Number of protein chains: 2
Amino acid sequence: MPSRQLVAKELADIFKLIAHPDRIRMIEELRKQEYDVNSLATQLELSGSRVSQHLSLLRAHRIVEERRDGRHHFYHLTQPEIAQWIVAGLVFIEGRLSGVSTSEIQSARALWLDNQADETG
Amino acid sequence: MPSRQLVAKELADIFKLIAHPDRIRMIEELRKQEYDVNSLATQLELSGSRVSQHLSLLRAHRIVEERRDGRHHFYHLTQPEIAQWIVAGLVFIEGRLSGVSTSEIQSARALWLDNQADETG
DNA sequence: CCTACGCCTGCAAATACTTGCAGACGTAGA
DNA sequence: TCTACGTCTGCAAGTATTTGCAGGCGTAGG
């Protein structure tokens, strides 16, 4: 297979990996600090096993890395810049959305880009 | 549903949309010029109907736009910057790949970012 | 009008992803 | 050592994507 097709396939795999709302929210949370599985699950209102399964996928592709401390497994982003890359995709949402208004998108972007912002949204 | 979750879902949809090797290669081709369905199919060595199906998906999400001329349907990127955003994802591939070497990735990036580059790869 | 071309859509089978649940494994504390 | 906790993994059912193929629709040319 020509290398261009290989590269396209690898790129597709990365996109597929991120293409899940839970995983996007997990990366969003991890952009600031590390979390153990349960804290992340609580924060996102998801079951522990579900979060663990997503993390295992992200771990397999080295999007996140693990640090163990006793019975806790703490996770952090291998390359924190990935969070900013994801937010950059918001540009391609704007102006053509059913359920999300422009102001909601802008406030989401602000949240992802600025740690000081209000996080209650 | 809180807006943050809505935004995560919409982002996930965009990622899902792009997460296919064929569609990535199509966007890559379309970054420079418009193509009609058959030319694109020939260029990428894919069947016409397959390309048409991918295009219909991209069209539905306004990643591409159509221009008709007789029986030909010409497609172009709605927001050409999307191609650059996709290439930016290459950063998260490097250094952890099975089938693709660093030099192949670099040459792929060069191709996407520079129209003058050799395209035989 | 008839035919060929270019493209689109519907359908059905194959494949892949997601999810909850049950059980396993290691660690900490009594 | 026994128990509880935190996390991981396997499995099976449900859901979504991908693909090829057959047929449809519009346009150009004879």
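Guide: Let's start with the words for angles: under 35 degrees counts as roughly parallel, over 145 as roughly antiparallel, 65 to 115 as roughly perpendicular, and the rest as oblique. Before we use them, note that this is a predicted model, where local features need pLDDT of at least 70, side-chain atom pairs count only at pLDDT 80 or more, and totals for chains, interfaces and linings use all residues. Residues are numbered from 1 along each chain as its sequence is written, while chains are lettered from A and ligands numbered from 1 in the order in which they are written.

Now the pair itself. Look for helix α3 of chain A, residues 37-44, and helix α4 of chain A, residues 48-60. (Helices are DSSP runs of H or I with at least four residues, strands are runs of E with at least two, and both are numbered from the N terminus.) The two pack at an angle of about 115°, with their axes 9 Å apart. Axes here are lines fitted to C-alpha atoms, for helices over the stretch in contact, and angles run from 0 to 180 degrees between N-to-C directions. α3(A) and α4(A) are therefore roughly perpendicular to each other.

Which residues meet? From α3(A) come A:Val37, A:Asn38, A:Leu40 and A:Ala41, and from α4(A) come A:Gly48, A:Val51, A:Ser52 and A:Leu55. Contact means that the C-beta atoms, placed from the backbone, lie within 7 Å. Sorted by class, this contact has 5 nonpolar, 3 polar and no charged residues. (Ala, Val, Leu, Ile, Met, Phe, Trp, Tyr, Cys and Pro count as nonpolar, Asp, Glu, Lys and Arg as charged, and the others, Gly among them, as polar.)

Next, follow these helices to the DNA. There are 21 residues around DNA strand D, and among those that come nearest are A:Val37, A:Asn38 and A:Ser52, which also take part in the helix contact. Being near a strand means having a C-beta atom, placed from the backbone, within 6 Å of it. α3, α4 and β3 (72-77) of chain A, together with α4 (48-60) of chain B, each supply at least two residues of the surface near DNA strand D. α4(A) gives the most, with 6 residues. By class, that surface has 2 nonpolar, 13 polar and 6 charged residues.

Finally, chain B and chain A touch each other as well, with 38 residues taken from chain B and 38 residues from chain A. On the chain B side, α1(B) gives the most, with 14 residues.

Notes
Contact = placed C-beta atoms within 7 Å.
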